[in-house]
Amino acid sequence: MIVLYQKLTYWLSEHPSIVTFRWSHTQSWGSTWSFLFTSIALYLTLSTFLHLLLGLILRPGRAVPLGPIPAIHSLSMSLISATIFAGTLLSAASEIRETRWFWRRSKTPFQWLLCFPLGTRPSGRVFFWSYLYYLTRFFHMLRTFFAILRRRRLASFQLFNHSILTFTSFLWLEFSQSFQVLSIILTTSVYSVVYGYRFWTAIGLPSACYPFVLNCQILLLGCNLLCHVGVLLLHFFKGGCHGIGAWIFNSVLNGFVLLLFLKFYVNNMQSRNRKCGSDEVNKDV
């Protein structure tokens with residue numbers, strides 16, 4: 001067991017490629033502003049084009065069969081998220097252990113997770129996993145195309161959400177933004193469960209009797225909101241947090257996402273309640 005833990009620690013936090021990682025516009029794939037804006041614009045364009053194309057060539061209500069592809073995607077995302085979660089957790093522990101002497105008088109380990117010291121550069125273990133998390137945002141976008149092909153639906157919230165989350169994960173790296181480590185830990189822990197559940201249901205196993213995915217996302221948004229308050233307090237009362245400008249911009253974008261998601265959640269619950277009420281009427285009849 002100890003040998004296994006040592007091997008995992010090496011491959012997830014002590015490998016030379018992880019320790020020596022540095023975010024660079026010349027060496028890191030997808031690290032330029034032009035790539036970011038082009039990829040998001042291409043995602044929005046392809047999604048809209050595919051939706052319009054299917055409306056022209058297929059009859060209303062007819063879907064495109066995808067077979068096991070969505071299930072494979074969900075399983076892959078669950079495993080990738082679990083790997084990033086473990087790697088970020090082990091890397092954060094190593095970074096805290098090696099650099100705590102520098103900031104031990106002003107911060108606790110939890111405060112460091114929320115608030116990077118001023119002068120932090122995007123290099124080292126935690127930024128390696130932040131970079132990998134940024135790349136997986138493009139893999140997440142495939143769910144939009146699955147929804148269009150299977151349900152013939154183009155959800156503006158989904159387009160906005162994927163675009164904003166990709167943009168914010170880029171800002172984390174570009175400006176060494178505080179709070180990203182804890183955000184990645186929280187997000188990947190939830191994603192590993194959510195995508196595991198989606199794989200579970202995609203292969204025909206029974207689903208939960210309540211909106212499991214929506215409740216997980218509400219829990220994640222609530223935790224992120226509390227952590228944002230913590231970053232704000234630490235910035236003003238503990239000498240400042242690195243990348244606070246990017247954090248403020250991200251907070252505004254996340255606020256829009258939160259409002260849209262709450263609206264979507266309320267509409268979903270109202271739709272479920274109406275359906276349940278209709279089922280009860282049908283049972284009585």
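**Note on the predicted model**

1. Residues 154-173 span 30 Å between their end C-alpha atoms, and the stretch is 90% helix and 0% strand. Helices here are DSSP runs (H or I, at least four residues), strands are E runs of at least two, and both are numbered from the N terminus. The model is predicted: local features need pLDDT of at least 70, side-chain atom pairs count only at pLDDT 80 or more, and totals for chains, interfaces and linings use all residues. Residues are numbered from 1 along each chain as its sequence is written, and side-chain values use heavy atoms, with hydrogens and water left out.

2. An unreviewed UniProt entry places "transmembrane region" at residues 33-58, 70-90, 154-173, 179-200, 212-237 and 243-266. UniProt positions are given in the numbering used here, feature names are shortened, and annotations may be inferred rather than shown by experiment. Residues 212-237 are 100% helix and 0% strand, with end C-alpha atoms 38 Å apart.

3. Helix H9 covers residues 180-202, 23 residues in total. From first C-alpha to last, H9 reaches 31 Å, close to the 33 Å expected at 1.5 Å a residue. The expected span is 1.5 Å times one less than the number of residues. Just after H9, Gly 204 takes a positive phi of about 95°.

4. How many salt bridges does a search of the whole structure find? It finds two. A salt bridge here is a side-chain nitrogen of Lys or Arg within 4 Å of a carboxyl oxygen of Asp or Glu.

5. Arg 125 and Glu 14 form a salt bridge at 3.1 Å, N to O. This pair links distant parts of the chain: Arg 125 sits in helix H6 (residues 125-140) and Glu 14 in helix H1 (residues 2-14), 111 residues apart. Arg 125 is buried at 3% relative accessibility, while Glu 14 is partly exposed at 27%. Buried means under 20% relative accessible area, exposed over 50%, and partly exposed in between (1.4 Å probe, protein chains only).

6. Glu 95 also pairs with Arg 125, with the closest N and O atoms 3.2 Å apart. Glu 95 lies in helix H4 (residues 69-103), 30 residues from Arg 125 in H6. Both Glu 95 and Arg 125 are buried. Shared partners join Glu 14, Glu 95 and Arg 125 into one salt-bridge network.

7. Ser 176 lies in the loop between helix H8 (156-174) and H9. Is Ser 176 buried or exposed? Ser 176 is buried, with a relative accessible area of 1%. Its contacts (heavy atoms within 4.5 Å) include Phe 116, Arg 121, Phe 127 and His 242, not counting residues up to four places away in sequence.
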